[in-house]
Structure formats: structure tokens, C-alpha cells
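Welcome, and thanks for taking a look at this one with us. Please open the sequence and the structure side by side, and then follow the notes below.

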Amino acid sequence: MSVDRYAVFGHPIKHSKSPRIHSLFAEQAGQALSYSAIEVPAKHFQKVVTAFFANGGKGLNCTVPLKELAWAFADRLTERAKLSKAVNTLKLEADGSILGDNTDGCGLVTDLISNHDIVLSNSRVLILGAGGATRGIIAPLLEQGLQTLTIANRTVEKACGLAAEFQDIGAISAGSFADLQDQQFDLILNATSASLTGQLPPLPEDLLAANGVCYDLAYGNEPTPFVRWGLEQQAAKSLDGLGMLVEQAAEAFFIWRGVRPDTHPVINLLNSERSSKTS
Ligand code: ATR
């Protein structure tokens with residue numbers, strides 16, 4: 001009998017850690033399944049995703065640049081997927097329809113709270129960037145009862161548009177990087193794609209409050225420029241998004257398989273592998 005098939009689609013996808021993470025989860029749960037990484041350019045998404053499910057695929061993760069296309073493809077969306085207008089998890093339902101969900105925001109919040117003991121309630125949070133990554137995390141963060149959520153972006157109109165869209169959920173404001181002068185935050189999240197090109201948004205001094213935390217949604221074998229900036233600012237913690245990656249995967253695994261994996265051994269293993277690469 002063949003095993004249930006899962007995959008991650010993206011472009012580029014070669015260096016994805018998702019197949020490794022899901023095979024560790026499957027091993028832990030004692031479940032037999034396959035999970036592969038498949039290179040899918042946006043223009044081929046519709047054709048490839050349709051074929052995947054028609055040929056017995058049970059579930060998919062979709063990453064850059066396919067999350068909006070996956071959102072449009074789903075027959076039904078969870079509330080959090082509706083709000084984020086992006087889908088990272090597709091599931092074949094028993095009736096043959098396709099459910100679209102977004103586990104990114106929940107993965108971030110779980111990593112912050114459960115893995116790093118960061119208190120979100122009543123805290124002042126800043127998100128750098130106003131693209132798809134930001135859209136996916138706004139509602140899950142606001143649900144934690146923040147004092148304020150500020151979005152700063154190079155293109156200020158995009159930040160203002162997002163703030164207007166989510167203003168009914170909580171206290172949210174928007175502006176440019178220059179507008180951040182004389183403000184302080186307990187948690188600063190980097191959701192720009194600047195890290196990918198080794199860049200950093202222009203940030204004023206004293207932006208991070210005493211005992212504040214920095215968190216880059218991106219991750220790498222080396223500390224990202226934003227993680228290094230956080231260390232320079234004497235952050236209590238300056239973290240990258242490896243934990244979020246594992247937590248969003250765990251939530252997807254739960255949606256597909258009904259079993260919630262223990263993420264700690266997987267995060268520890270991936271962390272030890274990258275420190276052995278850099279030492
Ligand atoms: P993603 O899905 O990863 O969020 P995106 O939707 O393309 O990708 O958004 C990228 C974000 O990174 C945007 O907020 C972008 O700013 P603009 O809206 O002004 O384009 C931001 N960004 C990318 N490179 C940047 C840089 N070098 N400095 C500051 N912001 C940058």
C-alpha cells in the first residue's frame with residue numbers, strides 16, 4: 001500500500017527544511033508518509049496543484065511566491081486564512097474539497113510564547129515591513145492583547161493600508177521608518193525581505209526598550225543582519241525564525257494528521273546542525 005503524500009511547493013524551494021521537519025514529525029508520531037519539496041513557478045501553480053491532488057496528494061504547504069495563489073485555489077478557508085489573504089497549508093478533505101489555512105501567525109506566536117517565554121499581553125510591538133509576511137501575523141499578534149501594534153514600511157502607503165484593514169481587531173498604527181524616531185518597543189519583528197539580500201531597514205537608535213526582544217521572521221545558518229542589529233542594541237533576546245518555521249509546520253501536521261508533534265527535539269536538532277555548520 002502506498003503512503004500518504006504531502007509536499008511543499010515554492011520557488012525557489014531547493015533549500016527548504018520542511019521535508020526534514022515533516023519526516024521528523026512523522027517518525028515521532030509513528031506515521032508513514034512522504035513529504036517532498038517541489039519547485040513550482042507561479043505561472044504553473046494551478047496546473048501542478050490540480051494534478052497533485054488529482055493524483056492522490058493529501059496535503060500541501062505553499063511558500064513564496066505561491067501563498068496568495070493557494071488562497072485563491074482553496075474551496076474553503078479558515079478564518080485566519082481569510083484574514084491573512086494567504087494560505088500556507090492546503091488539505092484534501094474527506095468530501096474531496098480543498099481547505100486552505102494559514103499557520104504562519106500561529107507558528108510565530110507559539111514560538112514567542114511557548115519556546116521563548118516572551119510576554120505579548122500589554123506589550124508594545126513593532127513590525128518592520130508590510131508585505132505578505134506581515135499580513136499573516138497581524139491578527140494572531142493582536143489577539144494576544146498587545147498594548148500597541150505599529151507597522152513601519154519603506155512604502156508607507158502599504159503599512160497604512162494594512163493598519164486600516166485590521167483596525168477593528170486591536171490598537172494598530174502605521175508609518176515610515178523615519179516616523180519611529182523617539183518611539184520605543186518591547187518587541188521588534190523584522191518581516192521585510194531585506195535580510196535575504198543582507199540589508200537592514202534604516203532604524204533609529206534607542207528603538208528597543210530595555211529588556212526588549214528582536215525577532216527576524218527569516219532564518220539562516222548565520223545570524224541575519226537584523227539579529228546582529230538586535231544584539232548590538234543589547235536585546236534581551238535576538239532570535240531568528242527557525243522556531244516559527246518548525247511551529248507553523250507542526251500546526252500543518254496537526255491539521256493533516258490529527259497529531260500535535262513535540263517541536264522541541266526538532267528545533268534543538270536543527271539548531272545543533274546549523275551551529276555545527278558555522279563552527
Ligand atoms: P513577503 O511575502 O516576504 O512579505 P513581500 O510581500 O514582497 O514579501 O514584502 C516584502 C517587504 O519587505 C515589503 O514590506 C518591502 O518594502 P516595500 O513595501 O517598500 O517594497 C520590504 N523590503 C524589501 N527590501 C527592503 C529593504 N532593503 N529595506 C526595507 N524594506 C524592504
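**Pocket and ligand at a glance**

Four elements each supply at least two residues of the lining of the second largest pocket: helix 5 (104-115), strand 12 (237-239), helix 9 (242-257) and helix 10 (264-278). Please keep in mind that this is a predicted model. The notes below take the pocket and then the ligand.

**The second largest pocket**

- The volume of the second largest pocket is about 280 Å³.
- Its lining is made up of 18 residues, and those nearest the centre of the pocket are G220, D240, L242, N271 and R274.
- Helix 10 gives the largest share of this lining, with five residues.
- By class, the lining of the second largest pocket holds nine polar, five nonpolar and four charged residues.

**The ligand and its shell**

- Around the ligand there are 13 residues, with A130, A133, N153, T155 and K158 the closest.
- Sorted by class, this shell has eight polar, three nonpolar and two charged residues.

**Polar atoms facing the ligand**

- On the backbone side, a polar atom of G132 is 3.0 Å from an oxygen atom of the ligand.
- A133, one of the closest residues, has a backbone N or O atom 2.9 Å from a ligand oxygen atom.
- From a side chain, Q199 places a polar atom 3.2 Å from a nitrogen atom of the ligand.
- On its own the ligand has 650 Å² of accessible area, and the protein covers 73% of that area.

Definitions and conventions
Residues numbered from 1 in each chain as written. Predicted model: local features only at pLDDT ≥ 70, side-chain atom pairs only at ≥ 80, totals over all residues. Heavy atoms only, no water. Near = heavy atom within 4 Å. Polar contact = N/O pair within 3.5 Å; in protein donor to acceptor, adjacent residues only side chain to side chain. Areas by Shrake-Rupley, 256 points an atom, 1.4 Å probe, with all protein chains shown as cover. Nonpolar A, V, L, I, M, F, W, Y, C, P; charged D, E, K, R; others polar. 1 Å grid on protein atoms, 1.4 Å probe; cavity = no way out; pocket = protein on both sides within 12 Å on 5 of 7 lines; lining within 4 Å. Points joined across faces, edges and corners; volume = space filled by probe spheres on them.
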